[in-house]
Amino acid sequence: MSVEEFKSAFRNHPAGVAVITADPGDGPVAMTATSVFSVSAEPPLLVFSISAQSSAAPSILRADTVVVHLLGTGQLEIAKLGATSGIDRFADTSLWRRMRTGEPYFPSAHAWIRGRIANHMAAGTSTLVVVQAVETGAPPVGDPSADAGSAEPLVYHNRTWHRLGDHSKLP
């Protein structure tokens, strides 16, 4: 199978959008990812992949901790920021802050998970990163902002951004 055939197959498979941030000690980095998924609730583990071509890869792979931001449509600009190459993703200091533990994060994200990197695994031209979640800034269960109708999760499908909401529910 060619690279283009493989990419074409995945273009019609939608994925949630996340931005991952870290600072291993030489400045903050960020990248947009559609490969984030939960693996285990006990212990709380998530995984994402990072391409060797990503400018953020060396820093994220050196970091002990990361912040994974799960984005809604209200954070489309943050998703685009993390996906744009060759810019200072932290130039606009009104968009981000540092956690008490030092990691850079975007407070406007619908939800974020701070975690300790538990493992790396080489996978072709990418690396799978396993993260043990230690803290979250997510709407609590039962909060109306946690419902897809009001949160409108950001989804990437066929090279474009989309929203999920009540309009996209199936009977």
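This is a predicted model: local features need pLDDT of at least 70, side-chain atom pairs count only at pLDDT 80 or more; totals for chains, interfaces and linings use all residues.

Biologist: Okay, backbone then. Which peptide bond is cis?

Modeller: That's the bond from E42 to P43, where omega is near -5°.

Biologist: And where does P43 lie?

Modeller: P43 is in the loop between β4, residues 37–41, and β5, residues 44–51.

Biologist: What do most peptide bonds look like, and what about phi?

Modeller: Most peptide bonds are trans, and most residues other than glycine have a negative phi.

Biologist: Now phi here. What's the phi of N158?

Modeller: N158 isn't a glycine, but its phi is positive, about 50°. R159 does something of the kind: its phi is near 70°, again positive in a residue other than glycine.

Biologist: Where do I look for N158?

Modeller: N158 lies in the loop between β11 (154–157) and β12 (160–163). R159 lies in the loop between β11 and β12 too.

Biologist: How accessible is N158?

Modeller: N158 is partly exposed, at 40% relative accessible area. R159 counts as exposed, because its relative accessibility is 56% and the cut-off for exposed is over 50%.

Biologist: Changing topic: how many salt bridges are there?

Modeller: The count comes to eight. One of them joins the side chains of R100 and E135, with N to O at 3.5 Å.

Biologist: Which parts of the chain does that pair tie together?

Modeller: R100 is in the loop between β7 (97–98) and β8 (104–105), while E135 belongs to strand β10, residues 126–137, so the bridge ties together parts 35 residues apart in sequence.

Biologist: Is R100 buried or exposed?

Modeller: R100 is exposed, at 69% relative accessibility. E135 is partly exposed, with 24%.

Biologist: What else does E135 form a salt bridge with?

Modeller: With R114, and the closest N and O atoms of that pair are 2.8 Å apart. E135 sits in strand β10 and R114 in strand β9, so this pair ties together parts 21 residues apart in sequence.

Biologist: And which residue does R114 meet at 3.5 Å, N to O?

Modeller: That's E103, and their side chains form a salt bridge. R114 is in strand β9, residues 111–123, and E103 is in the loop between β7 and β8, so the pair ties together parts 11 residues apart in sequence.

Biologist: Are R114 and E103 buried or exposed?

Modeller: Both are buried. For R114 the relative accessible area is 9%.

Biologist: So which residues end up in one network?

Modeller: R100, E103, R114 and E135, joined by salt bridges that share partners.

Biologist: Nice. Last topic, A30: where is it found?

Modeller: A30 is in strand β3, residues 29–33. With a relative accessibility of 2%, A30 counts as buried.

Biologist: What is A30 in contact with?

Modeller: Leaving aside neighbours within four places in sequence, A30 is in contact with V19, I20, T21, A56, G82, R89 and F90.

Biologist: And what separates A30 from V130?

Modeller: Those two are 100 residues apart along the chain, and their C-alpha atoms are separated by 17 Å.

Terms used: Residues are numbered from 1 along each chain as its sequence is written. Side-chain values use heavy atoms; hydrogens and water are left out. Helices (H or I, at least four residues) and strands (E, at least two) are DSSP runs, numbered from the N terminus. Buried means under 20% relative accessible area, exposed over 50%, partly exposed in between (1.4 Å probe, protein chains only). A salt bridge is a side-chain nitrogen of Lys or Arg within 4 Å of a carboxyl oxygen of Asp or Glu. Contact means heavy atoms within 4.5 Å.
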